[in-house]
Amino acid sequence: MSAQQTLTVRDLPDPPSGARNLMLIVLDSLRYDSWIAAAPKHLGRIGEVQQRYAYATWTPPSHYNLLTGLLPHSRPGGEMPAAEYFKNEFLAFGERLQVDVADIQRGLLPSLFLPTLFRSLGYHTRALVSMSVLNRHTAINRDFESYDRMKRHNDMASMLDLLEFDPRRPTFYLLNIGETHYPYAVPGDDARNWPYLAGVHGAVRGLTAVADEMGGPRVLSTEEMNEARHRQINALSYVDGLFAELFARIPPDTYVIVTADHGELFGEDGQFGHGPVVHEKVLEVPLVEGLVPTGYRAALG
């Protein structure tokens with residue numbers, strides 16, 4: 001919790017009657033076509049997957065955008081003014097949460113930040129993240145009651161043991177899932193043969209290193225990039241099995257949104273990865289949403 005966060009549960013107002021839990025789950029770096037190739041069984045039970053487009057090509061700005069309440073867009077085109085599209089996006093939260101739209105409006109202004117909105121509605125606000133660029137010292141951590149980064153970037157299984165819901169008031173959860181991020185490693189997979197590709201944290205740590213210490217840039221071969229795509233598909237299949245357990249553990253009145261923050265390049269135009277690149281495949285992401293599928297809690301028992 002950051003120093004800015006001084007609210008406690010005692011400060012929360014009573015939530016609206018019938019307000020639902022909401023989980024926003026972000027599969028880091030997952031391409032839309034990787035979802036199609038994996039055809040996830042359990043995630044497919046939430047609803048029909050949609051092809052959407054991220055507002056940003058790397059993790060921090062995309063997560064910030066998601067937390068403004070604007071999910072990856074449907075590419076409506078010039079026939080719809082942006083303001084009208086944004087309005088419809090915000091109106092959808094009233095239906096998802098079973099909350100009056102006037103409450104949504106009051107809670108979103110002036111911050112335009114979902115955790116702040118949910119605090120104003122009397123929700124618990126909790127986050128579990130995988131990637132270091134989303135650590136609790138970043139600007140993303142605002143108005144979260146709890147905000148924790150996992151010890152490993154690919155450990156959704158451990159997240160499940162940390163989930164908690166209060167029967168007296170609803171909860172908003174942000175989950176950032178790292179298995180679908182490079183090197184797309186799942187338990188039992190030895191990813192040590194894959195080169196270390198530094199992100200922003202690694203780049204900052206290397207600012208004062210001499211060239212010999214840092215080594216030259218490592219470029220994946222065409223064969224490695226093809227294998228990387230299959231690894232991401234396999235990682236989603238693994239994560240899909242964990243979603244069955246997640247559905248069994250969370251309350252049935254929980255609304256779930258599953259999407260990705262951005263996509264990934266696997267050799268298109270000779271490029272790999274995401275971030276400072278301009279390509280449609282880095283923007284194409286899946287989105288599926290709906291209430292928790294039925295039948296899983298009985299299976300858990």
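**Exercise 1. Determine in which sense strand S1 and S6 pair, and over how many bridges.**

Solution. Strand S1 (residues 21-27) pairs with S6 in the parallel sense, over 6 bridges; two strands pair if DSSP finds at least two bridges between them. Strands are DSSP runs (E, at least two residues) and helices likewise (H or I, at least four), numbered from the N terminus. Opposite Thr-254 in S6 stands Asn-21. S6 is also joined to strand S9 (residues 284-291), antiparallel, by 5 bridges. There Val-256 has Gly-290 as its bridge partner.

The model is predicted: local features need pLDDT of at least 70, side-chain atom pairs count only at pLDDT 80 or more, and totals for chains, interfaces and linings use all residues. Residues are numbered from 1 along each chain as its sequence is written, and side-chain values use heavy atoms, with hydrogens and water left out.

**Exercise 2. Decide whether the residues of strand S6 are buried or exposed, and sort them by direction.**

Solution. Buried means under 20% relative accessible area and exposed over 50%, with partly exposed in between (1.4 Å probe, protein chains only). In a regular strand the side chains alternate between the two faces of the sheet. Thr-254, Val-256 and Val-258 point one way, Tyr-255, Ile-257 and Thr-259 the other, and all are buried. Because 6 of the 6 residues of S6 (residues 254-259) are buried, the strand is largely enclosed by the rest of the structure.

**Exercise 3. Describe the lining of the second largest pocket.**

Solution. A pocket is an open set of points on a 1 Å grid over the protein atoms alone, with protein on both sides within 12 Å along at least five of seven lines; lining residues have an atom within 4 Å of a point. The volume of this pocket is about 200 Å³. Its lining consists of Lys-87, Phe-90, Leu-91, Val-101, Ala-102, Ile-104, Gln-105, Leu-108, Leu-109 and Leu-112. Helix H3 (82-97) and helix H4 (101-108) are the elements that give two or more residues to it. H4 gives the most, with 5 residues. By class the lining has 8 nonpolar, 1 polar and 1 charged residues.

**Exercise 4. State how Phe-118 and Tyr-123 are arranged as an aromatic pair.**

Solution. Rings of Phe, Tyr and Trp (its six-membered ring) pair if their centres lie within 6.5 Å; planes under 30 degrees apart count as stacked, over 60 as edge-to-face and the rest as tilted. The whole structure holds 12 aromatic pairs. Phe-118 and Tyr-123 form a tilted one, 4.8 Å centre to centre with 55° between the planes. Both residues are buried. Together with Phe-144, Tyr-147 and Phe-172, they form one aromatic cluster.

Technical notes:
1 Å grid on protein atoms, 1.4 Å probe; cavity = no way out; pocket = protein on both sides within 12 Å on 5 of 7 lines; lining within 4 Å. Points joined across faces, edges and corners; volume = space filled by probe spheres on them. Nonpolar A, V, L, I, M, F, W, Y, C, P; charged D, E, K, R; others polar.
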